[in-house]
Structure formats: C-alpha cells, structure tokens
Amino acid sequence: MQNVCKLYVNKMDNVTTEIILDHRYRKKDGTYSVKIRVTYEREQKYYPIHISLSKENWEKVQSPKPRNEFKQLLIYFNKIEQKAVDVIQKLEPFSFEAFEKNFRKKAKHGDKNVIHHFQDYYEELIQNEQVGTATIYKEALSSLGRFFKTKHRNNKKLNFSSITPEWLQAYEKWMTGNNKSLTSVSIYTRCLRAIFNKAIDEGIIPKDHYPFGKRKYQVPSGRNIKKALSLPEIKAIVNYKPENAIEKKARDLWLFSYLCNGANIKDIARLKYKNIGKKMIFFIRAKTERITKHDLRPVQVPIIPEAQRIINQWGKKPIRDEKYVFGIIHALDDPETERKKIKQATKIINKYMQRIGEKLQIDSKITTYTARHSFATVLKRSGASIEFISESLGHRNIRTTENYLDSFEDSVKEEFQKKLLDFD
C-alpha cells in the first residue's frame with residue numbers, strides 16, 4: 001500500500017504540487033490528514049490544510065462528479081492548490097524555506113484558531129522526525145482542549161484572542177486543581193507560547209495579543225534539583241555483581257552513558273561503529289543536530305578500558321561502519337518506531353538501575369539522567385572548568401551547563417555552615 005493517495009498534480013519548472021491523503025499517520029478516529037505535497041529536485045515536503053478524511057470519503061471527493069459536502073471539499077482543495085501555485089510562481093529561485101514562509105502566511109491568514117496552528121506545528125514536527133517533541137505538543141493540545149471545553153462550553157473555536165493572562169491563570173489553577181504539577185503547566189504553556197510566537201512572526205495576530213511576559217502571564221519555572229551520585233556510589237555500581245544478563249546490560253549501558261560524557265540513550269542507540277576510532281568516540285548529539293545544521297561540533301570521548309569492555313561485550317557483530325553498535329534500533333526503523341524502541345530501552349535501564357540502587361542502599365533515584373548529571377558534577381567537583389564541562393556535554397552555551405551541575409554533597413555544605421561560627 002502506498003503512503004499517499006493523490007488528487008491531482010501541478011508541475012511548474014521542476015516543482016510539483018499534489019493534494020494527497022497522507023497514509024503515514026492514522027488518527028484515532030480512523031481518518032488521515034489531507035495535505036499538499038511539494039516536490040523539488042527529488043525532495044518532498046508535506047503541508048497540512050486542516051482537513052482529515054477517511055479513505056472512503058477521500059474516494060468520494062475524487063469521484064468524477066462529487067456531490068454535496070464532497071463537492072465543497074474539492075472546491076476548497078482547488079482553492080488551496082491555487083494559493084500554493086501562486087506562491088511558487090512568485091519565487092525566484094524556489095526554496096522550501098521561502099515557499100513555507102509565504103504559503104503558511106497565505107494559507108493561515110485570517111485563521112485565528114489556535115487548535116489549527118497547534119495541529120500544523122505537530123505535523124511539521126512529525127515531518128522533521130521530531131517525534132518526541134511532537135508528542136509533547138500533542139499532549140499540550142489535549143490538555144488545553146479539555147480546559148477550553150470546561151470554560152467555553154458553547155464555543156467551538158479557541159481563538160488567539162480568547163487566550164488572555166487571566167485565561168492562562170485560570171488554566172494553571174485548573175491544572176493544579178486536577179493534581180497536575182507545575183512542571184506540566186510549564187511544559188504545556190511553553191508550547192502555547194511558541195505557537196503564539198509563530199503566529200506573530202507569520203503576521204496572523206498582532207503583538208498586542210501576546211499574553212505572556214512581565215505584568216502578564218509568566219510561565220511557571222523553577223530549577224529542578226538534579227541529584228548526582230558521589231564517586232563512592234558510582235564505584236559501588238561499577239563493582240556490583242549483576243544477578244542476570246538483562247540487569248548486567250542495563251548496568252553496563254548506564255555506565256557507558258556516564259563514561260561517554262553523559263551521552264543520553266538516544267545518542268547511544270544511534271552510535272555506529274564508524275563513530276568509534278582507536279582512541280576516541282565521536283558523535284553529534286541528536287538534539288544539537290536537530291536544533292542547528294551549522295557549526296556542528298562532535299562530542300569527543302576518550303575510550304577508557306571499561307567503556308571498551310562494554311562495547312566488546314554488547315556490541316553487535318559482525319562489525320560494520322554503518323551498523324548500530326548496541327542494536328537498540330535498526331536502520332530500517334521509521335522515526336516513530338525508533339522513538340518507541342529508545343523509550344523502551346530507557347525504561348528498562350531505569351527499572352534495573354533503580355533496583356540496583358536499592359540493593360546498594362543508594363538514596364537517590366538512579367535514572368539515565370542521573371548518569372549525565374553525575375558525569376558533569378564529578379568533573380565540577382574534580383576542579384574542571386565549566387567551559388570544559390560544557391564542551392564535554394556538547395552544550396552550546398554555559399548557562400545550559402550550569403543547570404546540569406548538581407549542588408555539593410550535604411556533608412560539604414555542613415562543613416561550610418559550621419565555619420559561620422568558627423571564631424578560633
């Protein structure tokens with residue numbers, strides 16, 4: 001079965017546009033998004049147009065003489081198609097960036113429905129294979145939508161103008177009243193803030209509709225206390241004798257993260273044999289690669305014997321440059337499958353590391369994040385500069401690094417506190 005069903009094709013100087021039913025992502029109600037697919041020099045991009053149809057209804061739209069609502073849909077598709085054609089014809093030379101900026105502005109002009117803009121951005125994230133971020137936006141939309149229904153029972157559309165500082169305060173109160181954390185409020189309102197910023201940039205709404213900022217609504221924030229392990233605790237984990245193979249692999253992958261500059265599980269899963277030299281491991285953080293395409297700096301990790309042991313024991317054979325080292329993901333996996341496999345691997349590591357921590361009587365909850373924070377904190381306590389730690393973590397600015405650095409152990413704090421009355 002093909003990924004898309006096309007309605008018609010329009011060709012203009014190596015640029016092809018098609019109205020299609022995108023079969024790649026099926027919604028819970030059984031429908032699929034209708035999109036414009038633009039092809040230029042063999043590269044394809046998809047742009048949603050706020051319509052979802054079942055395969056059956058899609059075929060009715062494509063029939064020789066569609067009737068009633070299906071005829072109206074065909075007229076709407078023709079109208080959207082013509083807008084895309086008009087944009088392309090004015091671009092010299094053509095680029096996806098220029099097309100997207102102009103087409104979205106034209107297509108969305110007058111569309112003040114926040115839900116539509118959320119859905120558009122979700123589709124854009126999926127297209128860019130940012131499945132994890134897309135999931136967060138989907139959850140945010142679901143949460144905001146539920147609140148909207150309770151507050152505006154008679155309204156069908158959530159427009160930008162409806163969202164005021166008072167509306168956001170009420171949403172925060174509603175969330176916490178339903179036992180949701182301020183962290184969740186922060187995550188979801190940050191998503192909404194990003195949608196507002198995009199709408200302003202695209203000329204959809206004026207700046208004075210912006211409900212965020214000083215004397216308006218301020219997104220809840222707070223610095224999370226990220227507990228790093230001490231060196232004695234890490235030593236106990238290294239010396240721990242696993243009870244079975246799955247526990248041993250979980251422990252070893254956690255250690256590999258710690259020994260590889262706190263690499264997250266996604267980066268470990270994407271590690272290929274071509275990234276491993278005789279003395280160093282080189283890799284680009286997936287997060288950095290997504291954020292910027294320019295000045296990509298690989299994380300460089302000296303290979304110490306314990307890290308090499310883990311590679312030798314758990315690395316997939318035969319060794320080939322393009323082969324994933326640990327076999328967590330496969331080269332043929334689509335973005336959603338890859339995300340699920342990495343999530344499952346992380347879940348397993350966290351499960352067994354928590355058990356190991358309990359057996360070793362380590363008070364802190366041990367997760368894959370603990371490995372990253374512990375790496376940064378051990379370096380800090382060893383006297384390494386923040387600049388060196390920042391480079392090792394693959395951060396692009398020092399402030400991000402500072403948020404990773406854990407506080408000193410309570411015993412150290414206590415010693416300094418005692419000096420406040422040390423008059424001798």
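The model you are viewing is predicted, so local features need pLDDT of at least 70 and side-chain atom pairs count only at pLDDT 80 or more, whereas totals for chains, interfaces and linings use all residues. Residues are numbered from 1 along each chain as its sequence is written, and side-chain values use heavy atoms, with hydrogens and water left out.

Tyr369 belongs to helix H14 (residues 368-381), where helices are DSSP runs of H or I with at least four residues, numbered from the N terminus.

Next, select Tyr121 and Tyr137, whose ring centres are 4.9 Å apart with the planes at 75°, so the pair is edge-to-face. Rings of Phe, Tyr and Trp (its six-membered ring) pair if their centres lie within 6.5 Å, and planes under 30 degrees apart count as stacked, over 60 as edge-to-face and the rest as tilted. Because Tyr121 lies in helix H4 (residues 114-127) and Tyr137 in helix H5, this pair ties together parts that are 16 residues apart in sequence. Tyr121 is buried at 18% relative accessibility, and Tyr137 is buried too, at 9%.

Now move to Phe160 and Phe196, an edge-to-face pair with 4.9 Å from centre to centre and 80° between the planes. Phe160 sits in the loop between H5 and H6 and Phe196 in helix H7 (residues 182-201), 36 residues apart, and both of these residues are buried.

Finally, show helix H5 (residues 131-151) together with helix H6 (residues 165-177), whose axes come within 11 Å and cross at roughly 105°. H5 is therefore roughly perpendicular to H6, a label for angles of 65 to 115 degrees, where under 35 is roughly parallel, over 145 roughly antiparallel and the rest oblique. The axes are lines fitted to C-alpha atoms over the stretch in contact, with angles running from 0 to 180 degrees between N-to-C directions. To see the contact (heavy atoms within 4.5 Å), select residues including Phe147 in H5 and Trp174 in H6.

Definitions and conventions:
Helix = DSSP H or I, 4+ residues; strand = E, 2+ residues; numbered from the N terminus. Buried < 20%, exposed > 50% of the residue type's maximum accessible area, 1.4 Å probe, protein only.
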